[in-house]
Amino acid sequence: MLEGFKPIELMTGSPVLSVTNNGLSFNKNVINKMGRPEYIRFMINTESKQLAIQKVEEYDNASVPFIRKNVDNKNGIRYNNRDLENTIATLMEWDLSTKTYRIDGIYQEDDNAM
């Protein structure tokens, strides 16, 4: 009777990326929705002003570590990369020195991307 059904992992809140002058923070819902990927790649669409992260294998040319084994990531992940912060701030015309920006994520299961 339940053929074709998959369990749904219920979470409170939505997947969120916070962008500040001190880095990018992905909340635990991003991590869980993406299946706790060890490696991701960042992608940007300058025309639509969108940022995406996609689960990839370590050998992907653009891969960066995301979930580190033996590290407690239950509250999320902080990613510090000044170039990425500046790229996002410039694209969005944001002032990271005085404000924090919160971006709700949408998980794309077919692409394993947020």
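**Salt bridges, strands and a pocket**

Reply: Let's start with a charged pair: lysine 6 and glutamate 109 form a salt bridge, with their closest N and O atoms 3.4 Å apart. Keep in mind that this is a predicted model. Lysine 6 sits in the segment before E1 and glutamate 109 in the segment after E7, so the pair links distant parts of the chain, and their separation is 103 residues.

Me: Are lysine 6 and glutamate 109 buried or exposed?

Reply: The cut-off to keep in mind is that exposed means over 50% relative accessible area. Lysine 6 falls in that class, and glutamate 109 does too: exposed.

Me: Which residue meets aspartate 60 in a salt bridge?

Reply: Aspartate 60 lies in the loop between E4 and E5, and its partner is in strand E3, so the pair ties together parts 19 residues apart in sequence. At 21% relative accessible area, aspartate 60 is partly exposed. The N to O distance is 3.0 Å, and the partner is arginine 41.

Me: In what order do the three strands of the open sheet come?

Reply: The edge strands are E4 and E5 (64-65), since each pairs on one side only. E3 (residues 39-45) and E4 run antiparallel and are joined by six bridges. That gives the order E4-E3-E5.

Me: Is glutamate 85 buried or exposed?

Reply: Glutamate 85 belongs to helix H2. Its contacts beyond four places in sequence include Thr20, Asn22, Leu24 and Leu96. Buried means under 20% relative accessible area. Glutamate 85 has 2%, so it counts as buried.

Me: Which element gives the largest share of the lining of the largest pocket?

Reply: The largest pocket holds about 480 Å³ of space. Among its 22 lining residues, those closest to the centre are Gln50, Leu51, Ala52, Ile103 and Met114. Elements giving two or more residues are E1 (16-20), E4 (50-55), H2 (82-92) and E7 (101-104). The largest share, four residues, comes from E4.

Terms used
Residues numbered from 1 in each chain as written. Predicted model: local features only at pLDDT ≥ 70, side-chain atom pairs only at ≥ 80, totals over all residues. Heavy atoms only, no water. 1 Å grid on protein atoms, 1.4 Å probe; cavity = no way out; pocket = protein on both sides within 12 Å on 5 of 7 lines; lining within 4 Å. Points joined across faces, edges and corners; volume = space filled by probe spheres on them. Pairing = 2+ DSSP bridges. Buried < 20%, exposed > 50% of the residue type's maximum accessible area, 1.4 Å probe, protein only. Contact = heavy atoms within 4.5 Å. Salt bridge = Lys/Arg side-chain N within 4 Å of Asp/Glu carboxyl O.
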